[in-house]
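Hi everyone, thanks for making time.

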Amino acid sequence: MTSDTPARRRARVFSRRRGAPSRVRRRLGAAVRMLAALALAGGVYTAFTPGAFAEDNVQLSAVAREGKALYDTSCISCHGRDGQGVQDRGPSLIGVGSASVEFQVGTGRMPMTRQEAQAEQKPPQFDDAQTEQLGQYIQELGGGPELPDGPLVADLESDPDALARGGELFRVNCTSCHGFGAGGGALSSGKFAPSLGDATAEELYAAMLTGPQNMPVFGDNQLTPEQKKQIITYISVQLQDDRDPGGLFNLGRYGPSTEGMAIFLVGITLLVFTSLWIAGKS
């Protein structure tokens, strides 16, 4: 039996150290594997979400080329080259779609005259054809929601209950900001929900699709296209055609709170004068 000398013990230790990977090599290998996993995840994301980025040298249609010429002269200073956005000036337009452009530009909210809490509606600087050209350019640049073809209101002849359903949907989803009579209302931080008294069907549908300002986005999974048309029908028929669901006097169309206050003040005044009249006669 051979003795375990110090030399042999040192040889066994050195042999084990040579056979095991060093700590530096283990860390380097882990870093390489992590980078490879990140690169794979980024490649998969890019492959399945091509619309999130603007394509270089994209082939534009004739309408989109006209829109690009308008964009380069009126929008590029705030939204940047190819709609990528400019920090502290304007957001990226990649993925907003033509519906957002048609709402913002068609209502005169864009271009903005100055940076404010909210872009206010004003006379548009582009006509309908130019607005369509700008929208087509942004649509082909990065994709996004589009207005559907065909009428944007419900057919009351074939579906007479659409008006009532539109009223229910409006009261559930819209009155908290726009009021029961669509007269608008104040929000926080200097923002407000605008009146819908002069909004067109295209503007209403585009607003539900894109969620401008503080308005939430009502995608087709929240409100189906048919439900959007029912809401637009209720607004255009019941609220815009001088029909006040609260009675003869709209009182600003701010809803039951305003009407209740008015009834309270008028009623109390009548009761006081009636009491004084009875006391004077007795």
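**A first look at the chain**

Among contacts in the protein chain (a contact being heavy atoms within 4.5 Å) between residues at least 6 apart in sequence, 59% join residues at least 24 apart. Before going on, a word on the ground rules. This is a predicted model, where local features need pLDDT of at least 70 and side-chain atom pairs count only at pLDDT 80 or more, while totals for chains, interfaces and linings use all residues. Residues are numbered from 1 along each chain as its sequence is written, and side-chain values use heavy atoms, with hydrogens and water left out.

So what's in the chain? The secondary structure comes to 11 helices and two strands. Here helices (H or I, at least four residues) and strands (E, at least two) are DSSP runs, numbered from the N terminus. Starting at the N terminus, the order goes α-α-α-α-α-α-α-α-β-β-α-α-α. Of the 282 residues, 29% are buried; buried means under 20% relative accessible area, exposed over 50%, and partly exposed in between, with a 1.4 Å probe and protein chains only.

Let's zoom in on helix α5 (residues 97-106) and helix α9 (residues 201-210). Their axes come within 9 Å and cross at roughly 125°. Those axes are lines fitted to C-alpha atoms, for helices over the stretch in contact, with angles from 0 to 180 degrees between N-to-C directions. That makes α5 oblique to α9: under 35 degrees would be roughly parallel, over 145 roughly antiparallel, 65 to 115 roughly perpendicular, and the rest is oblique.

Which residues make the contact? On the α5 side they are Ala99, Ser100, Phe103 and Gly106, and on the α9 side Glu203, Ala206, Ala207, Leu209 and Thr210. Sort them and you get five nonpolar, three polar and one charged. For that sorting, Ala, Val, Leu, Ile, Met, Phe, Trp, Tyr, Cys and Pro count as nonpolar, Asp, Glu, Lys and Arg as charged, and the others, Gly among them, as polar.

How much of α9 is buried? Eight of its 10 residues are, so α9 is largely enclosed by the rest of the structure. What covers those buried residues includes α5 and α10. After α9 comes glycine 211, with a positive phi near 65°.

Helix α5 is mostly covered too, with eight of its 10 residues buried, and the cover includes α6 and α9. Just after α5, glycine 108 has a positive phi of about 80°.

**Rings that pair up**

Now the aromatics. Rings of Phe, Tyr and Trp (its six-membered ring) pair if their centres lie within 6.5 Å; planes under 30 degrees apart count as stacked, over 60 as edge-to-face and the rest as tilted. By this rule there are two aromatic pairs.

One is tyrosine 71 with tyrosine 137, tilted, at 5.5 Å centre to centre and 55° between the planes. Tyrosine 71 sits in helix α3 (residues 62-74) and tyrosine 137 in helix α6 (residues 128-142), so the pair ties together parts 66 residues apart in sequence. Tyrosine 71 is buried at 2% relative accessibility, and tyrosine 137 is buried at 1%.

The other is phenylalanine 170 with tyrosine 234: centres 5.5 Å apart and planes at 45°, so this pair is tilted. Phenylalanine 170 is in helix α7 (residues 162-173) and tyrosine 234 in helix α10 (residues 225-239), 64 residues apart. Phenylalanine 170 is buried at 0% relative accessible area, and tyrosine 234 is buried at 6%.

That's my tour, thanks!
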